[in-house]
Amino acid sequence: MHLSNTLRVLIAGFLLNDFTQADWQYKSRPDLAIPKLNITIPATKDVESGYIFIAPFSSYPEGTHHGPAQAAPYIFTDTGDLVWSGFTYFSIWATNFQAARYKGKDILFSFEGSHNAAYGHGHGHTTFLDQNYETIKELRAGNHRLTDKHEFHIINEETALIQIYHPVPYDLAPYGGSQEQQWIVDARFQEIDIETGNVLFEWSSLENVSPHEAYLPLNPGQAGSGYNSSDAWDYFHINSVDKDREGNYLISARDANAVYKINGKTSEVIWQLSGKSSNFTMGDQVEFAFQHHARFISKSADGTKEIISLYDNSAHGTENGHGHEVHFYNFSRGKIIEVDTKTWTAKIVQAFHPPDDLLSKSQGSTQVLPNGNVLVNWGSEGAITEFKSDGTPIFHFYMDSGYLGLGVENYRGFRYNWTGFPNEAPAIVALQDQDTETTSIFVSWNGDTETKTWRFYEVSDSGHRSFLGQAKRESFETELQLPRAAVKTVQAEALDAKGEVLVDTSVVKPDALVRKFEGKKKKQKFPNQKGHGTIPWLFFEGQKFFRTDNL
């Protein structure tokens with residue numbers, strides 16, 4: 001299996017240090033085992049404002065303890081501090097986690113449903129949360145179609161673009177198919193009214209683009225072999241949809257290595273960029289392959305020049321091969337491209353190169369931020385970089401650390417401003433250390449963005465509160481240390497920037513402090529054991545880990 005230089009450094013660092021664990025991060029929330037971001041380029045003063053939105057997951061089988069211990073949507077600060085854990089807020093598997101506006105209000109949304117990693121699709125629905133992190137809507141495709149995981153994009157706060165994976169029987173003989181090979185994916189998208197769920201527009205790849213445009217042929221089956229609906233040949237593979245002010249659409253067709261502009265009234269292809277039948281003469285660095293997340297950025301006054309952004313994977317392959325089975329370039333890139341429909345030329349505006357020459361065989365996104373910076377999510381490589389508009393990296397991190405960082409992936413990553421007012425109660429715990437005769441009080445409030453100070457009280461049996469102290473809120477969890485152990489019950493209250501009380505915690509009695517074992521861990525030898533595949537396991541402290549020589 002191929003190892004990038006970064007991965008080798010990561011593994012070497014792990015072998016010299018203790019296992020990085022997701023546990024023991026928060027005393028007030030021992031149930032949370034969040035990713036520990038591995039920040040290799042700390043955020044500079046030039047980064048855009050806002051939080052980081054990701055939904056990392058593992059490419060390895062469940063139970064192997066690679067990738068996040070709790071795969072879920074998360075909101076983080078630039079320092080890697082948790083703002084909100086969405087673990088259990090979305091069921092099964094969640095991805096494409098974003099903030100948006102709907103009917104004049106800020107919301108969160110995420111796909112949740114099944115995940116078929118082998119064929120690169122999943123079926124489910126999109127769930128909306130309000131600023132209290134309460135579910136307010138679930139949205140599905142119309143016309144008896146199944147919502148796929150790849151796209152949900154809100155337009156003008158009223159409609160949504162949804163991508164659909166739709167296998168159908170088809171004559172595949174012209175494409176080398178046998179009599180048994182009879183299934184193809186008719187890649188579709190819909191624009192739906194969010195309030196009513198009514199379908200306003202639906203587009204079909206088979207009605208508009210020939211399967212001859214596929215880059216991955218029916219045989220040997222890299223995009224499905226067509227023997228049944230679950231194995232349908234995914235010749236086109238839509239993974240993003242956008243809409244411009246004129247009502248036309250921009251779609252990314254990964255398995256055709258092309259981006260298409262679609263007429264919003266007739267469904268006809270207005271132009272194609274890259275792929276087998278590109279309408280444009282391609283300038284240096286413009287060509288892309290197996291791309292994701294194409295978006296309209298701007299248009300000239302006369303309408304002849306358009307600027308788009310996309311994520312250029314330049315690779316396709318398996319989990320083990322890391323994209324080296326089929327690749328067009330040595331690493332993936334975020335790109336901003338100008339297309340000119342007067343001269344029919346396309347040129348690169350800016351390419352964004354990964355700090356560690358990352359090549360992602362799947363997934364990825366490129367977000368142009370309000371201040372001109374660009375946030376690139378490196379998909380299956382589980383990393384994000386923020387760049388200045390000139391391509392200078394000013395922030396870079398991997399989405400977990402140590403062995404938990406191996407195999408971590410993230411479909412899309414974003415930066416947004418967000419204000420959260422959780423309905424969930426704050427968590428508080430008081431821990432007494434009998435050895436030092438001290439008490440430490442820990443408090444946190446998952447999803448809260450407004451608390452600036454925590455004020456702590458001792459509460460008597462009659463309910464009278466005695467002030468113990470206060471602490472500035474500087475991270476997810478805030479601690480107040482007391483130089484005594486004789487504290488009976490405690491409570492805390494959250495104060496905003498104006499000093500107004502936001503919420504009170506419950507009243508709790510102190511527990512005895514349990515210290516985390518910090519002794520030197522000795523290498524333990526275990527007999528080789530195998531799971532359902534052929535990869536041997538290493539067991540350490542009751543957890544499974546892949547052996548280094550198998551990575």
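**Notebook: contacts, sheets and cores**

I began at phenylalanine 442. Setting aside neighbours within four places in sequence, I found phenylalanine 442 in contact with Lys27, Ser28, Ala427, Ile428, Val429, Leu431, Glu477, Thr478 and Glu479. I note here that the model is predicted. Phenylalanine 442 lies in strand S34, residues 438–444. Is phenylalanine 442 buried or exposed? I read a relative accessibility of 9% for phenylalanine 442, so I list this residue as buried; the cut-off is under 20%. I also checked a distance from here. Alanine 492 is 50 residues from phenylalanine 442 along the chain, and their C-alpha atoms are 9.4 Å apart.

**Whole chain**

I then stepped back to the chain. I counted one helix and 43 strands. Of the 551 residues, 56% count as buried. I looked at contacts with a separation of 6 or more: residues 24 or more positions apart account for 59% of them. The chain exposes about 23900 Å², and carbon and sulfur atoms supply 48% of that area.

I traced an open sheet of five strands. Its order is S1-S30-S29-S28-S27, and the pairing is antiparallel. Which strands are at the edges? They are strand S1 (38–41) and strand S27 (365–368), each pairing on one side only. From one strand to the next, I get an average twist of 15°. S1 and strand S30 (residues 393–398) run antiparallel and are joined by three bridges. Isoleucine 39 has phenylalanine 397 in S30 as its bridge partner.

What joins strand S2 (residues 51–54) to S32? I find three bridges, with the two strands paired in the antiparallel sense. Tyrosine 51 has tyrosine 416 as its bridge partner in S32.

**Nonpolar cores**

I searched for nonpolar cores next. The largest has 31 residues. Trp203, Trp233, Phe236, Ile251 and Tyr260 have the most contacts inside it. Strand S15 (199–204), strand S16 (238–243), strand S17 (249–253) and strand S18 (258–262) each supply at least two residues of this core. Beyond four places in sequence, isoleucine 251 is in contact with Phe189, Trp203, Phe236, Ile238, Ser240, Val241, Ala258, Val259, Tyr260 and Ile262. I also noted a second, separate core of 20 residues; Tyr26, Ala72, Ile384 and Ile394 are among them.

**Aspartate 186**

Where is aspartate 186 placed? I find aspartate 186 in the loop between strand S13 (183–185) and strand S14 (188–193). Its relative accessibility is 3%, so aspartate 186 counts as buried. What does its side chain reach? Another is the backbone nitrogen of leucine 206, at 3.1 Å. Leaving out residues up to four places away in sequence, I list Ile164, His166, Val168, Ser204, Ser205 and Leu206 as the residues aspartate 186 touches.

How values were computed. Residues numbered from 1 in each chain as written. Predicted model: local features only at pLDDT ≥ 70, side-chain atom pairs only at ≥ 80, totals over all residues. Heavy atoms only, no water. Helix = DSSP H or I, 4+ residues; strand = E, 2+ residues; numbered from the N terminus. Buried < 20%, exposed > 50% of the residue type's maximum accessible area, 1.4 Å probe, protein only. Polar contact = N/O pair within 3.5 Å; in protein donor to acceptor, adjacent residues only side chain to side chain. Contact = heavy atoms within 4.5 Å. Pairing = 2+ DSSP bridges. Axes fitted to C-alpha atoms, helices over the stretch in contact; angles between N-to-C directions. Core = buried A, V, L, I, M, F, W, Y, C linked by side-chain atoms within 4.5 Å. Areas by Shrake-Rupley, 256 points an atom, 1.4 Å probe, with all protein chains shown as cover.
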